[in-house]
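Please open the structure in the viewer and keep the sequence beside it.

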Amino acid sequence: MFRRLALAALAPAAAVTLLATPAQAATPVTTLQADIAKLTNVQRKSHGCGALTVDSKITKAARAHSGWMARTGTFSHTGSGGSNFSARLKAAGYKKPGGENIAWGYRSATEVMTGWMKSPGHRANILNCKFKTIGVGAAYSAGGTAYYTQDFGF
């Protein structure tokens with residue numbers, strides 16, 4: 001399966017419809033999101049960084065962006081209305097956005113984390129010890145393709 005990754009650089013100092021085919025329903029998006037956050041903290045710990053705290057505001061923004069990408073078939077850090085990750089996190093009520101990783105086409109949390117860790121820019125976000133919070137969003141397109149957003153905050 002063809003997979004894509006994208007990275008948003010570090011920032012200066014609505015309801016989401018989540019779709020899945022019946023086969024994918026066995027892995028609910030909430031499980032994928034929790035697994036990605038957990039695997040992120042495993043990587044951080046093994047590289048000397050503190051664990052990130054899951055933040056509900058960041059999670060809301062990440063889920064909305066993944067849902068938008070899945071609904072529109074768009075793979076981009078530029079989201080609905082031309083928004084960027086920083087604007088989306090601030091609109092969700094989070095005041096100190098840090099960075100964003102996105103991906104699509106991976107079948108599991110382990111696969112997407114492996115892809116991100118093999119990419120220097122994504123890895124840098126994951127292992128940025130200055131980040132303190134995380135929010136993860138996952139959504140399936142009508143065709144069953146998974147879209148992921150991993151947002152970080154200071």
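Which residues does Ser 83 touch, not counting residues up to four places away in sequence? Select Ser 83 together with His 77, Thr 78 and Arg 88, for these are the residues in contact with Ser 83 (contact means heavy atoms within 4.5 Å).

Before going further, note that this is a predicted model, in which local features need pLDDT of at least 70, side-chain atom pairs count only at pLDDT 80 or more, and totals for chains, interfaces and linings use all residues. Residues are numbered from 1 along each chain as its sequence is written, and side-chain values use heavy atoms, with hydrogens and water left out.

Ser 83 is placed in the loop between helix H2 (56-72) and helix H3 (85-91). Helices (H or I, at least four residues) and strands (E, at least two) are DSSP runs, numbered from the N terminus. Ser 83 counts as buried because its relative accessibility is 15%; buried means under 20% relative accessible area, exposed over 50%, and partly exposed in between (1.4 Å probe, protein chains only).

Next, select H2. This helix has 17 residues and reaches 24 Å from its first C-alpha to its last, close to the 24 Å expected at 1.5 Å a residue (the expected span is 1.5 Å times one less than the number of residues). After H2 comes Gly 73, whose phi is positive, near 70°. The buried residues of H2 include Ile 58, His 65, Trp 68 and Met 69. Among the elements that cover the buried residues of H2 are H3, strand E3 (97-104) and strand E5 (146-153).

Now move to Ser 119, in the loop between helix H4 (109-118) and helix H5 (120-126). Ser 119 has 16% relative accessibility and therefore counts as buried.

Finally, select Cys 49 and Cys 129, which form a disulfide with sulfur atoms 1.9 Å apart (a disulfide is a pair of cysteine sulfur atoms within 2.5 Å). The torsion about their S-S bond is about -70°, so the disulfide is left-handed. Cys 49 is buried at 7% relative accessibility, whereas Cys 129 is partly exposed at 37%.
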